[in-house]
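Here's a quick briefing to read alongside the model. Have the viewer open and follow along by topic.

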Amino acid sequence: MGRLEYRTLRENIADVIRMKIVNQELKPGDHIVEAELANEFGISRGPIREALRQLENEGLIEYKRNVGCSVKQITIQDSYEIYLMRIGYETMSVRLVGGKIPGDTLKRMEDILDKMKNLDAEHYDKVFAHDNEFHGELVKMVNMPRLYQAWCTLNYGSVISGYAENIDKKYVVSRQYILHKELVDACRTGDTKSICRAISEHYMKTIRHLLKEQGISEEEAGFCMDFLF
């Protein structure tokens, strides 16, 4: 029998609001009204407020005094900074274990990879959950709660690709397995440099794709896209 996952009302509401943002029902700059959400879900404002606070911590919405909450405007610079920091935390973990990824960590990553392989565009919302779950394994393996907590503050980074209005959901879903299998293959090598390079390239591929979509060259962006490990 599979393990039942307990989720609080706050977490469920946060998921719904998050997907409203991803699916462009709530667009960058849109004001979020607690009363309207409470009426939509048929609940009090308390859980709504808690969910909005969680999404604020994730960086998806922002709160301004006397104005309230609105969907945050995410820029290509934000994307780059988020991914740069995720690279730092994940490669730090790899270095701490000397490139020798624990067998149970690899097994869980492979299990998540199987979930990605069976995804379709209808379940586009699962892309972000699986991505964070997969990368989280690389950080959790060193058993440093503060490191993992710091990484978690950036785990909304994988949602950024969902902000694009003309996003090809079928393409995004189909690429998940391919891109993450490359990471699993690198992790199997046990070579620190190879794994760190694969992690960096994994994230920078997304940045390059975003730059291309916006018609910005790497030179114009001024981003460092290549890291030596």
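**The main core and the overall picture**

In the largest nonpolar core, which has 36 residues, the members touching the most others are Ile101, Met204 and Ile207. Six helices each put at least two residues into this core: helix 4 (76–96), helix 5 (103–117), helix 6 (126–140), helix 7 (145–152), helix 8 (169–189) and helix 9 (192–213). Helix 9 is the top contributor, with nine residues. Keep in mind that this is a predicted model, so a look at confidence comes first.

**Confidence**

- Mean pLDDT for the protein comes out at 86, and 90% of the residues get to 70 or more.
- Going element by element, helix 5 has the highest mean pLDDT, at 95, while helix 1 (residues 9–22) has the lowest, at 85.
- Residues 1–5 are the stretch to treat with care: pLDDT stays under 50 there, and the model gives them zero contacts beyond four places in sequence.

- As background, nonpolar side chains in soluble globular proteins tend to be buried together.

- Three strands make up an open sheet with antiparallel pairing, in the order 1-3-2.
- Strand 1 (31–32) and strand 2 (61–64) sit at the edges, each pairing on one side only.
- Four bridges join strand 2 to strand 3 (residues 68–71), in the antiparallel sense.
- To walk along that pairing, start with lysine 64, which stands opposite glycine 68 of strand 3.
- Next, tyrosine 63 has cysteine 69 of strand 3 as its bridge partner, and glutamate 62 stands opposite serine 70 of strand 3.
- Strand 1 pairs with strand 3 over two bridges, also in the antiparallel sense.
- Cysteine 69 turns up again here, in strand 3, as the bridge partner of isoleucine 32.
- The hairpin of strand 2 and strand 3 has three residues between the strands, and asparagine 66 in that hairpin takes a positive phi near 70°.

**Helices 2 and 3**

- Helix 3 (residues 45–58) packs on the sheet and touches strand 1, strand 2 and strand 3; the direction of helix 3 makes about 110° with that of strand 2.
- Helix 2 (residues 34–41) packs against helix 3 at an angle of about 120°, and the two axes are 9 Å apart.
- The crossing of helix 2 past helix 3 is right-handed.
- On the helix 2 side, the contact uses Glu34, Ala35, Leu37, Ala38 and Phe41, and on the helix 3 side it uses Arg45, Ile48, Arg49 and Leu52.

- Valine 173 is placed in helix 8.
- Valine 173 counts as buried because its relative accessibility is 4%, under the 20% cut-off.
- What does valine 173 contact, leaving aside neighbours within four places in sequence? The list is Leu119, Asp120, Ala121, Tyr124 and Val127.
- Valine 127 is 46 residues from valine 173 in sequence, yet the two C-alpha atoms are 6.6 Å apart in space.
- Glutamine 176 is in helix 8 too.
- Is glutamine 176 buried or exposed? It counts as buried, because its relative accessibility is 9% and the cut-off is 20%.
- Not counting residues up to four places away in sequence, glutamine 176 touches Met116, Val127 and Asp131.

- Glutamine 149 has its place in helix 7.
- Glutamine 149 is exposed, because its relative accessible area is 55%, over the 50% cut-off.
- From glutamine 149 to lysine 115, the separation is 34 residues in sequence and 25 Å in space, C-alpha to C-alpha.

Methods:
Residues are numbered from 1 along each chain as its sequence is written. This is a predicted model: local features need pLDDT of at least 70, side-chain atom pairs count only at pLDDT 80 or more; totals for chains, interfaces and linings use all residues. Side-chain values use heavy atoms; hydrogens and water are left out. A nonpolar core is a set of buried Ala, Val, Leu, Ile, Met, Phe, Trp, Tyr and Cys residues joined through side-chain atoms within 4.5 Å. Buried means under 20% relative accessible area, exposed over 50%, partly exposed in between (1.4 Å probe, protein chains only). Two strands pair if DSSP finds at least two bridges between them. Contact means heavy atoms within 4.5 Å. Axes are lines fitted to C-alpha atoms, for helices over the stretch in contact, and angles run from 0 to 180 degrees between N-to-C directions. pLDDT is the predictor's confidence in each residue, from 0 to 100. A crossing is left-handed if the near helix is turned anticlockwise from the far one by less than a right angle, and right-handed if clockwise.
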